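This briefing covers the strands, the helices, the ligand shell and the confidence of the model shown below. The points are grouped by topic.

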Amino acid sequence: MAEILPQHPEFLWNNPEPKSSYDVIIVGAGGHGLATAHYLASRHDITNVAVIEKGWLGGGNMARNTTIIRSNYLWDESANIYDTSLKLWEELPEELDYDFLFSQRGVLNLAHHVSEVRDSKRRVNANRLNGLDSEWLEPDEVKEVCPIINTSDNIRYPIMGSTYQPRAGIAKHDHVAWALARSANNAGIDIIQNTEVTDILVEGGKALQTDHRSGEDREAGDDADRAADNGECASTEADLGEQAEYFLHVLAQRLRNPAQCAEVEGELIAQILEGAQWLVDDPLGAVADLRRRGHLVTTPSPGRPAGKSWSAQN
Ligand SMILES: Cc1cc2nc3c(=O)[nH]c(=O)nc-3n(C[C@H](O)[C@H](O)[C@H](O)COP(=O)(O)OP(=O)(O)OC[C@H]3O[C@@H](n4cnc5c(N)ncnc54)[C@H](O)[C@@H]3O)c2cc1C
C-alpha cells in the first residue's frame, strides 16, 4: 500500500540561473520535456541540458489529464509505441525511487451499441495480434472486474460488453512530473521555470539560439502594450527603451516573415519603413502615430519582446 505523499514536495529541484549555452534545450517542462531530460541523462549521459518552462513545471496538459495509462490502441504503430511506453512506466517508480501511485488496475472501455461492439472487438483483435494483453468481456465478465457497475438491461444504454486491458492503469500526474524533475535536476540539468521561449534561430538546419523572456519581461512587455493601447507615453528612459525595442522587434518580425509581408501593401511597407526611421529619431511620436494609423497591432505575437538569448551548441 502506497504511503500518503505530501501535496507539495519540500525540495526536489533547484531554480538555477541559466547558463549562456547548452548542448540541448528542451522547450516545455511537461511530461514529454521532463521525460526527455530524464532519459537524456540516464540513458545517454547528456546533461548539459536546459528545460525551459513558461509557467511552472507540470502545469500544462500534464496537470489536467485523466491520468489513464494504456496501450490498447488500434493501429500497429500506436500499439507498439504505447506498449513500449507502458513497459517504461512499469519500471519508472523504482528507477526514479518515487512512489507516484502508479496503479495497474486495468481499463475498461464500455460498448453500448452494436457498432461499438464491432469496433471494440476489432481493436481487441488488432491488439492481440500485436501481443498486447487486450480482452473482450461480456457484460457478466465486466461485472466481475467492476462489481459496482450496472449491467442490467433495464437502463437507457445497457452495457453490451467491454474491451479490457489488465496492465493499463493510472498514476498521480503531478508526482510523476516532480519525480522526473528531481531526477533531471540531480543529473545536473537546469530546469528554468517562468521563462517563455519566443523564438528559435535556425542556421544550416541547426538550432543556434533561443530567444526567451522571463515572467518579469512578460509583465513588462504587457505593461508596455497596455500603456501603448491607452495612448500613454513612456515616462522613463527604461520604459522608452523597452517600448522601442518591442516595436522594432515587431517590425523586424513582420518584415522577416514572408507570409505576413505578402499581406502588407507596398504603401504600407513604405510607411512602416518610414516609421522605423522615425522610431529611431523620435520613438514616442513614431509609435503613437503608427499605432493611431493602425499599422502596429499588439495582438500576442510569437516574437515579442525578445529578451536574452541562449545558444544551443552543436
Ligand atoms: C483533458 C485531458 C485529458 C487527457 N487524458 C489523458 C489520459 O487519460 N491519458 C493520456 O495518456 N493522455 C491524456 N491526455 C493527453 C496528455 O495530457 C498529453 O498528451 C501530455 O500531457 C502532453 O505532454 P507534453 O509534455 O507534450 O505537454 P504539456 O504537459 O502541456 O507540457 C508542455 C509544456 O510546455 C510549456 N510551454 C509551451 N510553450 C512554451 C514556450 N514557448 N516556452 C516555454 N514553455 C512552453 C507549457 O507551459 C507546458 O508546461 C489528456 C489531455 C487533456 C487535456
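Leu137 stands opposite Ser162 in β7. Strand β7 (residues 161-165) is joined to β6 by 3 bridges, and the two run antiparallel. The model is a predicted one: local features need pLDDT of at least 70, side-chain atom pairs count only at pLDDT 80 or more, and totals for chains, interfaces and linings use all residues. Residues are numbered from 1 along each chain as its sequence is written. Helices (H or I, at least four residues) and strands (E, at least two) are DSSP runs, numbered from the N terminus.

**Antiparallel sheet**
- β5, β7 and β6, in the order β5-β7-β6, form an open sheet of 3 strands with antiparallel pairing; two strands pair if DSSP finds at least two bridges between them.
- Its edge strands are β5 (107-111) and β6 (135-137), each of which pairs on one side only.
- From one strand to the next the twist averages 25°.
- Helix α3 (residues 114-129) lies across β5, β6 and β7 and runs at about 25° to β7.
- Axes are lines fitted to C-alpha atoms, for helices over the stretch in contact, and angles run from 0 to 180 degrees between N-to-C directions.
- Two residues are in contact if their C-beta atoms, placed from the backbone, lie within 7 Å.

**Parallel sheet**
- A further open sheet of 3 strands has the order β2-β3-β9, with parallel pairing.
- β2 (24-27) and β9 (190-192) stand at the edges with a single partner strand each, so one side of each is left without a neighbour in the sheet.
- Direction ignored, neighbouring strands of this sheet are turned by 20° against each other on average.
- Strand β3 (residues 49-52) pairs with β2 in the parallel sense over 4 bridges, and Val27 stands opposite Ile52 in β3.
- α1 packs on the sheet and touches β2 and β3; the direction of α1 makes about 170° with that of β3.

**Helix pair α1 and α5**
- α1 packs against helix α5 (residues 173-186) at an angle of about 35°, with their axes 9 Å apart.
- Their crossing is left-handed, a term used if the near helix is turned anticlockwise from the far one by less than a right angle.
- In α1, Gly31, Leu34, Ala35, Ala37, His38 and Ala41 meet Val176, Ala177, Leu180, Ala181, Ser183 and Ala184 of α5.
- The residues of this contact divide into 9 nonpolar, 3 polar and no charged.
- Ala, Val, Leu, Ile, Met, Phe, Trp, Tyr, Cys and Pro count as nonpolar, Asp, Glu, Lys and Arg as charged, and the others, Gly among them, as polar.

**Ligand shell**
- The ligand is surrounded by 22 residues, of which Gly28, Gly30, Gly60, Asn65 and Thr66 are the closest; a residue is near a molecule if its C-beta atom, placed from the backbone, lies within 6 Å of it.
- α1 (31-44) and β10 (195-203) are the elements that give two or more residues to this shell.
- α1 gives the most, with 3 residues.
- By type, the shell has 6 nonpolar, 12 polar and 4 charged residues.

**Confidence**
- The average pLDDT of the chain is 80, and 66% of the residues score at least 70; pLDDT is the predictor's confidence in each residue, from 0 to 100.
- Residues 227-237 have pLDDT below 50, and beyond near neighbours in sequence this stretch has 12 contacts in the model.
- Over residues 297-307 pLDDT stays under 50, and the model has 29 contacts for them beyond four places in sequence.
- Where pLDDT is low, the predicted coordinates should not be read in detail.
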